[in-house]
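Here are my notes for your reading of the model. Please keep the sequence and the 3D view open beside them.

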Amino acid sequence: GCYAYHTAWIDEDLGLIYDRSFLFRRREWPRIKHKKATVHLFDFPNVTQAYLEEQLTKDGTRYGVVDFVLFAVRKFYHVIGRPTRNAGGKICSDEQNEHLRGCGYETPWPLDLAPPSPCDLLKWASSTYPLYKTLPPTSV
């Protein structure tokens with residue numbers, strides 16, 4: 001099964017992470033620790049820091065309220081190896097699919113159809129683009 005539960009843009013050189021929480025946001029990296037998670041990094045050079053910064057001011061969408069309420073039960077789906085889909089709001093992998101397409105990448109998910117889950121996005125990236133780096137779980 002696939003255990004991916006989150007997707008984000010990471011700029012290791014600048015120490016920044018851009019991701020979807022309730023809103024699209026920018027945080028310090030690696031301040032956000034990934035104690036139990038292995039992080040897979042892929043190189044998408046067309047997705048630039050300037051593009052992501054522009055999205056911070058343009059993107060007014062929110063994570064769905066039902067998605068937020070259901071977040072607590074999502075880990076149980078992953079225990080049995082099942083991916084989780086969103087419940088109507090914008091989720092992290094939905095955001096990344098839009099960014100990839102907005103920067104010229106061809107993904108299997110048209111914007112007018114159901115978005116990919118984090119597992120869908122990881123499987124697609126793994127089969128389409130070379131893995132740049134894998135970070136093991138942190139010990140914090």
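The points below take up the basis of the values, then the disulfide, the salt bridges and one tryptophan.

1. Basis. This is a predicted model, in which local features need pLDDT of at least 70 and side-chain atom pairs count only at pLDDT 80 or more, while totals for chains, interfaces and linings use all residues. Residues are numbered from 1 along each chain as its sequence is written, and side-chain values use heavy atoms, with hydrogens and water left out.

2. The disulfide. A disulfide is a covalent bond between the sulfur atoms of two cysteines. Here it is taken as a pair of cysteine sulfur atoms within 2.5 Å, and the count by this rule is 1 disulfide. Cys 2 is joined to Cys 119, with an S to S distance of 2.3 Å. The link of Cys 2 and Cys 119 is left-handed, with -100° about the S-S bond. It connects distant parts of the chain, 117 residues apart: Cys 2 is in the segment before β1, and Cys 119 is in helix α4. Helices (H or I, at least four residues) and strands (E, at least two) are DSSP runs, numbered from the N terminus.

3. Burial of cysteines. Buried means under 20% relative accessible area, exposed over 50%, and partly exposed in between (1.4 Å probe, protein chains only). Cys 2 is buried at 8% relative accessibility, and Cys 119 is buried at 1%. Cys 92, at 6%, also counts as buried, as does Cys 103 at 12%.

4. A salt bridge is a side-chain nitrogen of Lys or Arg within 4 Å of a carboxyl oxygen of Asp or Glu. By this rule there are 9 salt bridges. One of them pairs the side chains of Glu 12 and Lys 133, at 3.1 Å from N to O. Glu 12 lies in the loop between β1 (8-11) and β2 (16-20) and Lys 133 in strand β5 (residues 131-135), so the pair ties together parts that are 121 residues apart in sequence. Glu 12 is partly exposed, with a relative accessible area of 31%, and Lys 133 is partly exposed at 31%.

5. Arg 20 and its partners. Which residue forms a salt bridge with Arg 20 at 2.4 Å between the closest N and O atoms? That residue is Glu 95. The two are 75 residues apart, with Arg 20 in strand β2 and Glu 95 in helix α3 (residues 92-102). Arg 20 also meets Asp 59 in a salt bridge, at 3.1 Å from N to O. Asp 59 lies in the loop between α1 (49-58) and α2 (65-79), so its pairing with Arg 20 in strand β2 ties together parts that are 39 residues apart in sequence.

6. The network. Salt bridges link Arg 20, Asp 59, Lys 90, Glu 95 and Glu 98 in a network.

7. Trp 124. Is Trp 124 buried or exposed? With a relative accessible area of 10%, Trp 124 is buried. Trp 124 sits in helix α4 (residues 118-128). Contact means heavy atoms within 4.5 Å. Leaving aside neighbours within four places in sequence, Trp 124 is in contact with residues including Phe 44, Leu 100, Pro 108, Trp 109 and Tyr 129. Thr 107 is another contact of Trp 124; the two are 17 residues apart in sequence and 8.1 Å apart in space, C-alpha to C-alpha.
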